[in-house]
Amino acid sequence: MRIKTKNPTYLAVRRVILGVAGLAVVLAVLFAGRDNSSLLEEEKESLPEIATTAVPENFAVPGELDWEYPPGWIDYSDLPALETLGDEEQPGLSNWRYLLVNGLDRSNYLRESYYPDMTYVEGGYSFQTRAVEDLKAFLAAARAEGYTVSISRTYMSYSDQRVRFNGMASTIYDQGELTLAEAETKVTNMGYFPGADEHQTGLAVNFVDENGDAKFATPVLTWMREHCAEYGFILRYPEGREAYTGREAEPGHFRYVGDVAAEYIMRKGITLEEFKLAYSQEAQEVKAW
Ligand SMILES: [Zn+2]
């Protein structure tokens, strides 16, 4: 247990000591060739006060997320209090705003029977009713700035996902290198198993610019990324965080999570997966160091 103090000299000295100790531990572990679990234990002791948000180099590839690993690498000391999450009806992390859907874990798949309540937006697209006004405000704000932005996808049903899954698997199978079962496994590992697509929540939206483009470089998507949190949205698949989402970066895909989570997630440059994980016991221990 460390003694709490606000003396800056003490803190500076402690930082130096921790830094040197940390380096020594890393070198010792490197030379001793010890396994990852002991590395993690010892690095916990030497983590700097502001931890880096970088994904470790040896981190899992998409589809093979090690849920025990990431929290220690991010500074969660300013994580929003649980009481500020959700609403009166559904307080906390179990609120509909934070519904996590990804292809990493079957507990994060939606069932075939999951149909959100939807309201029409424009261009043949609807959005989950509870968040539709925020989406309209987000679009209106971009257009008021002079950007031409359109929706290219919102809701995707389970059965449409199954059609896409079968299509992707047979395309790979037709290349002649894999059996159909292997092709299906490959598509599953890419995060495209039916029920694993966040678009089924009705809270996800893909935007394109006037050319139908969805690339980071376009001014429209840059503006959307910089302002999404003001309307309760996050960039759901940021570049460099594929290990956490299990999906390739998708610059045009935004997800509604409400203003509290959106502000935090975008400011930290993290993902919905990391945000939810930050409330886990392990992350709370990291916070308390
Ligand atoms: Zn999308």
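**View 1. Methionine 118 and its bridge partner in S2.** In this predicted model, methionine 118 is bridged to glutamine 128, which sits in S2. The two strands here are S1 (residues 118-122) and S2 (residues 125-128). They pair in the antiparallel sense, over four bridges. Together S1 and S2 make a hairpin. Two residues lie between the strands. In the turn, glycine 123 has a positive phi of about 55 degrees.

**View 2. An open sheet of four strands.** The strand order is S3-S4-S6-S5, and the pairing is antiparallel. S3 (150-153) and S5 are the edge strands. Each of these pairs on one side only. Neighbouring strands of the sheet are turned against each other by 45 degrees on average, direction ignored.

**View 3. S3 beside S4.** Three bridges join S3 to S4. The two strands run antiparallel. Look for isoleucine 151: its bridge partner is phenylalanine 207, in S4.

**View 4. S5 beside S6.** S5 and S6 pair over four bridges, in the antiparallel sense. Tyrosine 237 has glutamate 250 of S6 as its bridge partner. Is S5 mostly covered or mostly open? S5 is mostly covered, with five of its five residues buried.

**View 5. The largest nonpolar core.** This core has 36 residues. Those with the most contacts inside it are Met224, Cys228, Phe233, Ile234, Phe254, Ala262 and Ile265. Which elements give two or more residues to the core? The helices are H3 (132-144), H6 (219-227), H8 (259-268) and H9 (272-277). The strands are S4 (204-208), S5 (233-237) and S6 (250-256). H8 gives the most, with five residues. In soluble globular proteins, nonpolar side chains tend to be buried together.

**View 6. Alanine 262 and its contacts.** Ala262 is among the residues with the most contacts inside the largest core. What does alanine 262 touch, leaving aside its neighbours within four places in sequence? Alanine 262 is in contact with Cys228, Ala229, Gly232, Phe233, Ile234 and Val257. Of these partners, Cys228, Phe233 and Ile234 are also listed with the most contacts inside the core.

**View 7. A separate core of five residues.** Another core lies apart from the largest one. Its five residues include Leu99, Val101, Leu110 and Ala196.

Conventions: Residues are numbered from 1 along each chain as its sequence is written. This is a predicted model: local features need pLDDT of at least 70, side-chain atom pairs count only at pLDDT 80 or more; totals for chains, interfaces and linings use all residues. A nonpolar core is a set of buried Ala, Val, Leu, Ile, Met, Phe, Trp, Tyr and Cys residues joined through C-beta atoms within 7 Å. A residue is buried if 20 or more other C-beta atoms lie within 10 Å of its own, exposed if 12 or fewer, and partly exposed in between; C-beta atoms are placed from the backbone. Two residues are in contact if their C-beta atoms, placed from the backbone, lie within 7 Å. Two strands pair if DSSP finds at least two bridges between them. Axes are lines fitted to C-alpha atoms, for helices over the stretch in contact, and angles run from 0 to 180 degrees between N-to-C directions.
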